[in-house]
Amino acid sequence: MSFLRNLMKKDSPAPAKEAAAPVNPPPPGGGGKNPPASGGSGIEREAASRPDSNAPRVNPFAGSDAAAPTRRKAKLPTNEQRLYFEKQRASQSRVGRALVNQGLVSEDMVKQMLRDLDGAEAGTTLQRSLVDHGFVREDDVLNALATELGMERVHLPSLEVSEDAIKAVPQKIVRDYRIFPIRLEGNEIHIAISDPLNIQVMDDLQRILNRPVRTFVASEEEIDRFYKRYYEGNKIQDIYSQVTDTMHQETEQNQHEIEMVNDENAPPVVRFVDLIFKQAVHDRASDIHIEPNRSGVTIRFRVDGVLHEQPSPPKKWQNAILSRLKVLSGMDLAEKRIPQDGRIKLSLPDRKLDLRVSALPAIYGESVVMRILDQSSVLLGLEDVGFLPDNITLFNSLIRTPTGVILMTGPTGSGKTTTLYSALSTLNTPEVKIVTIENPVEYMLEGINQVQVNEEIGLDFKAGLRSILRQSPDVLLVGEMRDLETAEIGIRAALTGHLVFSTLHTNDAPSAPGRLVDMGVKPFLVASSLQAVVAQRLIRRLCAHCKTSYSPTQEELTEIGATQNELANMDTYSIYTQNGCERCSGKGFRGRTAIHEIMVVDARIRQMIIKGESGFRIKKVAVRGGMRTLRMDGWEKVKLGQTTLPEVLRITQND
């Protein structure tokens with residue numbers, strides 16, 4: 001919202017004179033002064049042989065604008081580009097060497113990860129890849145690098161931050177360089193940095209600040225959190241209090257001003273709704289629930305699948321808040337008797353979000369639920385949506401088959417759409433025509449033709465799918481196979497040379513063929529068209545900063561399905577449980593990941609589908625053929641330290 005953008009501009013201090021000249025922030029992968037040696041260890045040679053595909057998102061040669069991640073890249077001159085990539089490779093190899101020297105990973109693992117980074121998304125680093133896969137903790141990586149470089153490792157929450165240091169470094173410099181000033185000692189300023197290999201940062205800061213700079217190693221998350229605390233302040237709470245005080249003096253007469261969005265002159269309701277959006281994004285919420293009740297308005301955010309209540313506004317705010325949301329989402333402001341759906345586009349400084357809005361008439365007023373859809377999530381790689389390495393290989397081979405149906409199953413909110421869009425993004429090339437029909441279209445993708453179902457005018461899944469087939473597509477995405485006619489058209493499309501993705505609501509992958517047959521699809525059509533079924537669930541991810549190891553009971557290990565070999569070698573695994581810290585708000589979990597069950601429909605399973613065998617019997621055959629069930633996949637993530645045994649057992653209790 002413009003309120004948020006202007007608010008950030010307004011509260012940003014004017015940069016110091018030394019920072020007025022254009023600044024070229026250093027490459028995020030480390031712009032050290034010394035180029036990589038021509039020889040070196042096996043890790044260094046492995047890094048040096050990688051192609052130049054791992055260019056970072058931020059262009060370090062595009063002037064001062066390069067620091068803003070949302071701005072357009074400029075083309076790099078060839079020589080500078082080559083030098084920059086050489087520094088990137090040297091940085092990657094040094095990270096790998098530090099981790100090997102500290103005994104955190106093996107040299108073979110580092111080499112393999114460097115090879116895997118060849119086709120990874122631009123900007124992916126060895127450090128981030130190892131942390132995301134759960135092989136090492138971010139703290140372990142930073143400790144290893146600090147030891148390797150002879151630097152001091154600090155934890156910002158345990159330090160006393162100097163206000164003089166905050167004032168000495170302009171907000172723009174702190175934001176662009178991803179640093180945080182800690183204190184002043186005489187004329188020397190101490191700076192926390194998350195990338196200790198980036199020596200050029202120190203040189204730039206000494207030039208910009210015109211004083212000696214000493215750097216310390218801190219986590220990127222701590223730096224971001226302290227930046228928001230000390231440079232943005234407790235803006236949300238301050239303005240919330242300010243709006244609360246002002247709103248008590250407002251009357252219903254202000255409702256006609258609801259569309260005003262100017263910062264200074266906007267009505268309090270406009271500012272309050274903007275704050276709800278900003279707080280929800282800050283808390284990593286997936287949904288915003290606004291529910292009128294007898295005495296007030298309840299506001300709840302769903303974070304990692306669990307609802308958390310927020311401060312409630314007074315009852316007199318209700319009509320104004322609901323009207324504001326309906327105006328923003330394009331709903332009929334006068335209609336309060338029937339359910340309505342709408343959409344809000346939300347622009348933040350670093351990303352763009354879509355909010356899918358649903359209004360439902362209730363006893364005390366309309367209940368509004370907003371699903372927050374992050375456009376950047378559709379660009380995630382398959383490893384980012386939770387696939388283990390062997391499942392990535394398997395799924396990649398499946399989505400590249402020219403024909404057939406690939407189904408995603410799971411309950412609402414299990415991430416099926418995100419996974420399917422990640423698959424479509426992988427296939428999205430100029431040579432492939434992709435068409436989707438959805439209700440609603442959740443993410444907008446460049447290069448893909450997306451059709452929105454509109455049943456009021458007769459454009460339902462059946463009619464839309466028939467028309468799509470006349471568009472000569474290579475790949476189809478049908479939002480959901482919800483009835484016989486839609487399922488039959490999709491299946492016949494697969495039999496006539498198309499690759500069809502769709503979703504279905506079943507408890508596991510082996511139950512999907514039976515569900516299609518129950519709809520009325522002929523068993524031989526299901527057997528001949530179905531290529532694979534992928535079941536998915538979301539589980540909470542352990543907070544990497546406070547998780548603690550423990551010894552699970554024999555009952556837990558038996559229930560999770562640990563093999564005899566695993567039971568005999570339990571001392572080689574580190575099993576963790578949640579603890580709770582400031583970073584995870586005392587919950588012990590931060591974020592979610594997915595567990596998967598991929599059933600490839602081979603010749604034996606096709607025969608079982610034709611014979612009408614039960615999902616239970618199909619599952620037994622699939623497991624014997626190598627399929628990993630949801631619970632087994634969750635157990636692998638437990639052994640990687642990503643989640644807990646009780647969390648996997650809770651999510652897979654029907655497995």
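Among contacts between residues at least 6 apart in sequence, what share joins residues at least 24 apart? In this protein, that share is 67%. Keep in mind as you look around that this is a predicted model. The protein has 655 residues, of which 48% count as buried, and the chain includes 25 helices and 18 strands. Its accessible surface comes to about 30300 Å², with 48% of that belonging to carbon and sulfur atoms.

Let's begin with confidence. The pLDDT averages 77 over the protein, and 76% of the residues score at least 70. Residues 1-40 stay under 50, and the model gives them 92 contacts beyond four places in sequence. The stretch 45-76 is also below 50 in pLDDT, with 69 contacts beyond near neighbours in sequence. Where pLDDT is low, the predicted coordinates should not be read in detail.

Now turn to a sheet. Seven strands make up this open, mixed sheet, and their order is β12-β11-β13-β14-β10-β15-β18. Which strands stand at its edges? They are β12 (449-452) and β18 (589-600); each has a single partner strand, so one side of each is left without a neighbour in the sheet. On average, neighbouring strands here are turned by 20° against each other, ignoring direction.

Moving on from β14, we come to β13. Strands β13 (residues 475-478) and β14 (residues 499-504) run parallel and are joined by four bridges; in this pair, L476 has V500 as its bridge partner. Helix α18 (residues 512-519) lies across β10, β14, β15 (530-542) and β18, and runs at about 90° to β14.

Another helix worth a look is α15 (residues 416-427). At 1.5 Å a residue, its twelve residues should span 16 Å, and the end C-alpha atoms are 17 Å apart, which agrees. This helix is mostly covered, with nine of its twelve residues buried. Among them are K416, Y421 and L427.

Finally, look at the backbone in two loops. Most residues other than glycine have a negative phi, and most peptide bonds are trans. R178, in the loop between α8 (171-177) and β1 (179-185), has a positive phi of about 55° although it is not a glycine. R284, in the loop between α12 (268-282) and β4 (287-292), also has a positive phi, near 65°.

Terms used:
Residues are numbered from 1 along each chain as its sequence is written. This is a predicted model: local features need pLDDT of at least 70, side-chain atom pairs count only at pLDDT 80 or more; totals for chains, interfaces and linings use all residues. Side-chain values use heavy atoms; hydrogens and water are left out. Two strands pair if DSSP finds at least two bridges between them. Axes are lines fitted to C-alpha atoms, for helices over the stretch in contact, and angles run from 0 to 180 degrees between N-to-C directions. Contact means heavy atoms within 4.5 Å. pLDDT is the predictor's confidence in each residue, from 0 to 100. Buried means under 20% relative accessible area, exposed over 50%, partly exposed in between (1.4 Å probe, protein chains only). Accessible areas come from the Shrake-Rupley method with a 1.4 Å probe; for residues, only the protein chains shown count as cover. The expected span of a helix is 1.5 Å times one less than its number of residues.
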